[in-house]
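Let's take a friendly walk through a protein model, one region at a time. Have the sequence and the 3D view ready, and follow along.

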Amino acid sequence: MPSAKRWLPILDCFDAAGVDLCYEIHPGEDLHDGASFERFLEAVDFHPRANILYDPSHLLLQQMDYLGFIDRYHERIRMFHVKDAEFRPDARSGVYGGYQGWVERPGRFRSLGDGQIDFKSIFSKLTQYDFSGWAVLEWECCLKDAQQGAAEGAAFIRQHMIRKTTKAFDDFAGVTSGEQVNRRLLGLPDV
């Protein structure tokens with residue numbers, strides 16, 4: 001576990017500059033899942049600048065609930081790597097495939113929309129929790145060309161962005177009713 005003694009002065013500098021420090025939850029790193037992030041938060045006294053760079057591809061490849069992760073940690077998510085992945089279970093090798101080439105590995109990164117990540121639900125959840133951070137394309141695909149992946153990825157993100165509504169769909173129900181209001185709602189002329 002990273003040392004609080006080492007990280008607290010860094011977090012304090014970020015705080016003095018008014019900047020969040022976002023840790024990418026990543027397999028093979030000290031902070032690789034929610035449990036390790038919680039231990040780190042506790043060690044740094046829940047420092048307000050200790051936050052998360054959310055990358056669902058890393059959670060999918062660890063077979064974690066990447067949507068539930070948003071529900072649990074949304075208050076700490078400040079950045080979002082929009083990156084896709086797929087996991088194809090294999091009887092011979094694990095997620096990173098015994099150092100095989102990326103195409104042969106059971107766990108591999110894919111261009112947006114070509115993997116198994118449910119981005120409609122992710123963008124919906126982030127909108128639900130008023131996420132105001134960056135959504136950044138991180139392209140790593142073992143099959144598709146980078147230029148094609150970037151062009152498609154930018155359009156993919158744009159299509160998934162949600163402008164949050166400012167009113168409920170049933171706001172009309174709170175309007176005082178009467179004959180004249182009902183006539184207008186029905187498109188009938190005033191009497």
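In which loop is Asp45 found? Asp45 is found in the loop between helix 2 (34-43) and strand 2 (50-54).

## Before we start

This is a predicted model, in which local features need pLDDT of at least 70 and side-chain atom pairs count only at pLDDT 80 or more, while totals for chains, interfaces and linings use all residues. Residues are numbered from 1 along each chain as its sequence is written, and side-chain values use heavy atoms, with hydrogens and water left out.

Helices (H or I, at least four residues) and strands (E, at least two) are DSSP runs, numbered from the N terminus.

Asp45 has a phi near 55 degrees, a positive value in a residue other than glycine. Phe46 lies in the loop between helix 2 and strand 2, and its phi is also positive, about 55 degrees, although Phe46 is not a glycine.

Is Asp45 buried or exposed? Asp45 counts as exposed because its relative accessibility is 61%; here buried means under 20% relative accessible area, exposed over 50%, and partly exposed in between (1.4 Å probe, protein chains only). Arg49 lies in the loop between helix 2 and strand 2, but Arg49 is buried, with a relative accessible area of 17%. The side chain of Arg49 makes a polar contact of 3.0 Å with the side chain of Asp15, and a polar contact of 3.0 Å joins the side chains of Arg49 and Asp20. A polar contact is a pair of N or O atoms within 3.5 Å; within protein, one must be able to donate a hydrogen and the other to accept it, and residues adjacent in sequence count only if both atoms are side-chain atoms.

## Helix 1 from end to end

Ser3 caps the N-terminal end of helix 1, with a side-chain oxygen 3.2 Å from the backbone nitrogen of Lys5. Helix 1 (residues 4-17) has 14 residues, so at 1.5 Å a residue it should span 20 Å, and its end C-alpha atoms are 19 Å apart, which agrees. The expected span of a helix is 1.5 Å times one less than its number of residues. After helix 1 comes Gly18, whose phi is positive, near 70 degrees.

## A buried histidine

Now look at His58, which lies in helix 3 (residues 56-61). His58 counts as buried because its relative accessibility is 1%. The side chains of His58 and Asp55 are joined by a polar contact of 3.2 Å.

## Strands 4 and 5

How many bridges join strand 4 (residues 84-87) to strand 5? Four bridges join them, and the two strands run antiparallel. Two strands pair if DSSP finds at least two bridges between them.

Phe87 is found in strand 4 and stands opposite Gly107 in strand 5. At 18% relative accessibility, Phe87 counts as buried. The C-alpha atoms of Phe87 and Phe109 are separated by 8.9 Å, with the two residues 22 apart along the chain. Both faces of strand 5 (residues 107-110) are covered: on one side Gly107 and Phe109 are buried, and on the other Arg108 and Arg110 are buried.
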